[in-house]
Each structure stands twice: as C-alpha cells, then as structure tokens.
Amino acid sequence: MKKSIKKIFAAVTAAFCVAAAITFGGCMQSVPRDPINGKDLNIYDIYEAAKEASGNPDMTMQEFLKEYFSYTSSELEAATSVKAAVNRALMSSVTVKADWDTPLSAGSVTGSGVIIDIDCEKGDMTVVTNCHVLYSARMAGDGFADSVSLWLYGSESSYPETNENNAIAAKIVATSKSHDIAVLKVENSARVKQSKAVKAEWATGEENYLGETVFAIGNANADKISSSVGFISKDIEDISVNLGTSSNPEIYSYGVLRTSATINSGNSGGGLYNLNCQLVGIVNAKHKEHDTVGYALPAAASRRVVARMLADYNGTETHGVKVVRHGVFVTVSDSYSTGLNDDGYVEIREIVRVNGVAFGETLGTLTTGDVLKRVRILRPSENDRVIDDMDILREHNFYDVMLSAVLGDTVEYTIERDGTTMTLPVTYDEESDFVIEE
C-alpha cells in the first residue's frame, strides 16, 4: 500500500509544492487525475489513505509528509508557522472607529488597534493605535475624536444592529502626532469579560533584518480584520506625512521599517508581527503608488513611547509625550556592514558622532566630535535601577533609548574622545529638562 501511495505522490508532487501554503491555509487544492483510479485528488485524500494504510489514525500531517514524501522544506515550516502565528495575533487585534460629533463637521474614521494589556476578569484592556486614526484636522475643536469604539476579532458584523451591540467603548489615554502613537483604555466591559482575547507581546530586539517574514493584521479597507503576509524589505527609513490639510499642512517625519506585506486604508494602527507572534511594528502608512510598499513604526521606539504615555497617565486624556530635552545633535560619520552574524543575518554599523550640544544639562558634558558608544539610564530614586541600556550601533538607537528617561533619571553617556573611552553621567532632574512632543 505504501508503494501505491508513493505512485500517487509522483502525480501530485509539483502541484503540492507550489500550493503548500494555500493548502495549509484551509483550501482544497485540486491536482492532476490519479492515473491509477482516474479521479481528482487533493493532498488530504492522500493523507487519509496513508493513515489507513499505516494503521496509524493519529498520524499528523507533518509525520505523513516526512514518512511518505520526505518533505522537510523551509516552505512547509513557514506555511504552518504563519498559520499558527496569524491566528494567535488575531486574538490581540481590534477594529477601531473614531467619531466626531461637533456641530461644524460630524463624521467617523476607521482603523485598527493592538491589545497590549488585558484583564478579562475585570473587563479591562489597553490598546495601541495610530494617533492619525483619532485625529482629523478637518474636524472642529482640537481635532481629536469625541468617542472611540472597538470591536474584537470575530465580533464585527455586516448587520448594523449586531455591530452596534458588539461595540466596546474606549477612552483616549494619550496621543502623540510626533510619534503617530495613541493609547486607548477599556474598563469593565462585559464583552471583554466574555472574550478569549489575549495581549500581544512586543519584540524586544533593537534591530530588524531584511527578509524576515512578517504579517500585518488589521481592518483593511474597513472590511473587518484580515491578514497579509510579506517580509521586511528595509529596516529603517524616514517618511513624511501631512496630518493637516492642503491649505494648513501639519508635516511630521517618522522613522519606519518597510514591508512587502499588503497595507491598505484601515490597516493604520494594526500590528506587524514576526513568526514568533511578536509585534515588530505598528502599521501607519502605505506607498501611494506601490502596493508592495507599506510602512510600520518600529517596536523599538513605539514600545518606549507607549510605556512613557502609560507611566504619565493620571486619568486625564493627554496630547503629547514627555521626553528628555537633552539638546544633543548627532551625525553618522561612517556606515558599513560587518557581514553575516551567527544567525546568518547582515549587521549594519554606524559611527554616531555628536554634532553639537545646543542646550540643557548635557551642555558642557558632551562635545562635538564625541563618538557615542553606549547609553545607560539609571533611576536614583530606585537605588540606581537600570531602566535602559543600549549600545549605540545605529543612529536611531540613540533616539530610541532616550525615550526611556523620566524626570530625575541619570543618563550615562559612554563616549570615545580622542581615542579615549569615558563614561559621563548627566542627571535630568528639572522640569525644564523635559519637553512635550505633541
């Protein structure tokens, strides 16, 4: 019987190899007729035949492929991993709808969000989305939404009454146009209490690597939550976005990673995940002309911005995030590749130099030409607990790590000056040392 099954494999091998990802996504892929019995087959028919012939009804698909098909390609592993990761991420995803009820201009905007904290017993959850989902310069007042509603995955409905009944009211905790990040909170929701929703985990790495498989989860085209898969096609670049109007522009620049995962209107604020189901970014834009070019705010910066927003939250909606006013300007004097690392990824290194210190407590400590090697943030009020610690291997590392500093912290700058390495501490303990980035 095993020999007969292998003869059938010969007829379906090519079709199966091409369609592996589709097949494991739940679609039945038709293949050429079985030359023995003259009927159409799919891989699941053969799988069932193999289980019966082997007397092993509990044989898994993976075991079947290895035993009869010798199929161990990375494509199979990727297909099954993507499926599991996407389904896990769906349970951390929400649809977001922002509404304005001002007399001059009423309307709504739909987007996406990611659950980063949840307590189903209490019915509480915390959601991250984009600031631009909640803000419109066309609306009267301060431009921010008057009310926000969320829908958990699976609760969105094409029936208006059902959809309204499934809506979860959320309140705005904080927003920042400068970082295009906003945080929402839900409290004592009956729907959250009844749900199986889970929180997403941030990726904790400081760098992203080209070619890594990622997938976007979001309310694409305002047509309920869906997923698209791609890879990281550029690890860091700058884009400019107008959050204002053509007559009154508000231009903001964001450091983003580029992905080939399809991004559509409505994906804004949703998660970009790796195969470990970790958030590598928050989707915030797409290229106007190229469907395979989407952008996401890297987790390295976003998770720090969100942490600051939550730490500063006192029950009142705030606009902006409080960051250290260090006054340090930097430049990249050299950039190069170190080649493949132990994991087979290409590492990029930049020589990050101080290009000047304009103001603040750092003035007189760092000087033009210093090479930044490391930044460590200590909290004297907590026995010098280390809050953040980062080697400055890329320019964005410096700006990312400085997002962790709060009033009273000491920042240790390790620099190289005239061939000598030294560590210079600066304590930021005055309100004037901090500024609100709107």
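**Contacts, salt bridges and burial in a predicted protein model**

Leaving aside neighbours within four places in sequence, S404 is in contact (heavy atoms within 4.5 Å) with R304, R308, I377, R379, I387, D388 and D409. The structure is a predicted model, in which local features need pLDDT of at least 70 and side-chain atom pairs count only at pLDDT 80 or more, whereas totals for chains, interfaces and linings use all residues. Residues are numbered from 1 along each chain as its sequence is written, and side-chain values use heavy atoms, with hydrogens and water left out.

S404 is located in the loop between α9 and β20 (409–417). Helices (H or I, at least four residues) and strands (E, at least two) are DSSP runs, numbered from the N terminus. With a relative accessibility of 12%, S404 counts as buried; buried means under 20% relative accessible area, exposed over 50%, and partly exposed in between (1.4 Å probe, protein chains only). Two polar contacts of the S404 side chain were computed, one to the side chain of D388 at 2.6 Å and one to the side chain of R304 at 3.4 Å. A polar contact is a pair of N or O atoms within 3.5 Å; within protein, one must be able to donate a hydrogen and the other to accept it, and residues adjacent in sequence count only if both atoms are side-chain atoms.

R304 and D388 also belong, with E206 and R303, to a network of salt bridges. A salt bridge is a side-chain nitrogen of Lys or Arg within 4 Å of a carboxyl oxygen of Asp or Glu. Side chains of opposite charge can pair when their charged atoms come close. In the whole structure, 18 salt bridges are found. One of them joins K177 to E250, with the closest N and O atoms 3.0 Å apart. K177 lies in the loop between β5 (168–176) and β6 (181–186) and E250 in the loop between β9 (226–242) and β10 (251–259), so this pair ties together parts that are 73 residues apart in sequence. Both K177 and E250 are buried. A further salt bridge links R349 and E347, whose closest N and O atoms are 3.2 Å apart; E347 counts as buried at 13% relative accessibility.

Another salt bridge, between R308 and D312, has its closest N and O atoms 3.4 Å apart. R308 and D312 are 4 residues apart in helix α8 (residues 299–312) and are therefore separated by about one helical turn. An α-helix has 3.6 residues a turn, so residues three or four places apart point the same way. R308 counts as buried at 5% relative accessibility, whereas D312 is partly exposed at 36% relative accessible area. Helix α8 is mostly covered, with 10 of its 14 residues buried; among them are R303, R304 and R308. The end C-alpha atoms of α8 are 20 Å apart, which agrees with the 20 Å that its 14 residues should span at 1.5 Å a residue. The expected span of a helix is 1.5 Å times one less than its number of residues.

Helix α9 (residues 395–402) contains M402, which counts as buried at 3% relative accessibility. Apart from residues up to four places away in sequence, M402 touches V324, H326, V375, V411 and Y413. The C-alpha atoms of M402 and A301 are separated by 9.6 Å, although these residues are 101 residues apart along the chain.

V346 lies in strand β17 (residues 346–357) and is partly exposed, with a relative accessible area of 47%. Together with L340 and I348, V346 makes a nonpolar surface patch of about 270 Å². Patches are made of residues with over 30% relative accessible area and no salt bridge: like charges are joined within 9 Å, and nonpolar side chains (Val, Leu, Ile, Met, Phe, Trp, Tyr) within 5 Å. Residues up to four places away in sequence not being counted, V346 touches Y209, S337, G339 and L340. V346 and L210 are 136 residues apart in sequence, and their C-alpha atoms are 8.3 Å apart in space.

The protein chain as a whole has 9 helices and 22 strands. Of its 438 residues, 47% count as buried. Among contacts in the protein chain with a separation of 6 or more, 61% are between residues 24 or more positions apart. The protein chain exposes about 21000 Å², of which carbon and sulfur atoms supply 47%. Accessible areas come from the Shrake-Rupley method with a 1.4 Å probe; for residues, only the protein chains shown count as cover.
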